[in-house]
Amino acid sequence: MKILSKEFYRQKMKAFVENEEKWKLFQNASVFVLFGLISLIMSVVNLFTKQGLFTWMTMGFALACLIDLLLLMKKGTYAKVAIILFAI
């Protein structure tokens, strides 16, 4: 099987999606990255518009998303802790 063939990537993606644990981690990581980037952009906008406390709140949320993402990458118990912390 050629590594650059479309069939190779289809089989790899199918195996990835069928593995429920990996798929769940990927979905959570995507959410953490998306929300983290959005809150970071909002922080920069709030900083320029001098929103005060709201700036620090959005920066804190961006930092929380980064911490959750790092915990999620460790897998195992850390991943469960990251998901629970994000829910809170």
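1. Thr55 touches Ser43, Asn46 and Leu47, when residues up to four places away in sequence are not counted. The model in which these contacts are found is a predicted one. Thr55 has its place in helix H3. Its relative accessible area is 3%, and buried means under 20%, so Thr55 is classed as buried.

2. Helix H3 deserves a description of its own. Helix H3 covers residues 53–74, which gives 22 residues. From the first C-alpha to the last, H3 reaches 32 Å, and this is close to the 32 Å expected at 1.5 Å a residue.

3. Which residues of H3 are buried? They are Thr55, Thr58, Ala62, Cys65, Asp68, Leu69, Leu71 and Leu72.

4. Asp68 is a second residue of H3 to examine in detail. With a relative accessible area of 4%, Asp68 is buried. Leaving aside residues up to four places away in sequence, Asp68 touches Phe32, Ala82, Leu85 and Phe86.

5. How do H3 and H4 lie relative to each other? Their axes come within 7 Å and cross at roughly 155°. Angles over 145 degrees count as roughly antiparallel, and therefore H3 is described as roughly antiparallel to H4. The crossing in which H3 passes H4 is left-handed.

6. The contact between these two helices can be listed by residue. On the side of H3 the residues are Phe61, Cys65, Asp68, Leu71, Leu72 and Lys74. On the side of H4 they meet Tyr78, Ala79, Val81, Ala82, Ile83, Leu85 and Phe86. By class, the contact of H3 with H4 has eleven nonpolar residues, no polar residues and two charged residues. Asp68 and Lys74 belong to the contact, and both Asp and Lys count as charged.

7. A further helix pair is formed by H1 (residues 6–18) and H2, which pack at an angle of about 90° with their axes 5 Å apart. Because angles of 65 to 115 degrees count as roughly perpendicular, H1 is roughly perpendicular to H2. In this contact, Phe16, Val17 and Glu18 in H1 meet Glu20, Lys22, Trp23 and Phe26 in H2. The residues of the contact of H1 with H2 divide into four nonpolar, no polar and three charged.

8. Lys24 is also found in helix H2. Its relative accessible area is 41%, and Lys24 is therefore partly exposed. The C-alpha atoms of Lys24 and Gln11 are separated by 19 Å, and the two residues are 13 residues apart along the chain.

9. Two lysines call for a remark on backbone geometry. Most residues other than glycine have a negative phi. Lys50, although it is not a glycine, has a positive phi of about 55°. Lys50 lies in the loop between H2 and H3. Is Lys50 buried or exposed? At 73% relative accessibility, Lys50 counts as exposed. Just after H3, Lys75 likewise takes a positive phi, of about 65°.

Note on methods:
Residues are numbered from 1 along each chain as its sequence is written. This is a predicted model: local features need pLDDT of at least 70, side-chain atom pairs count only at pLDDT 80 or more; totals for chains, interfaces and linings use all residues. Side-chain values use heavy atoms; hydrogens and water are left out. Helices (H or I, at least four residues) and strands (E, at least two) are DSSP runs, numbered from the N terminus. The expected span of a helix is 1.5 Å times one less than its number of residues. Buried means under 20% relative accessible area, exposed over 50%, partly exposed in between (1.4 Å probe, protein chains only). Axes are lines fitted to C-alpha atoms, for helices over the stretch in contact, and angles run from 0 to 180 degrees between N-to-C directions. Angles under 35 degrees count as roughly parallel, over 145 as roughly antiparallel, 65 to 115 as roughly perpendicular and the rest as oblique. Contact means heavy atoms within 4.5 Å. A crossing is left-handed if the near helix is turned anticlockwise from the far one by less than a right angle, and right-handed if clockwise.
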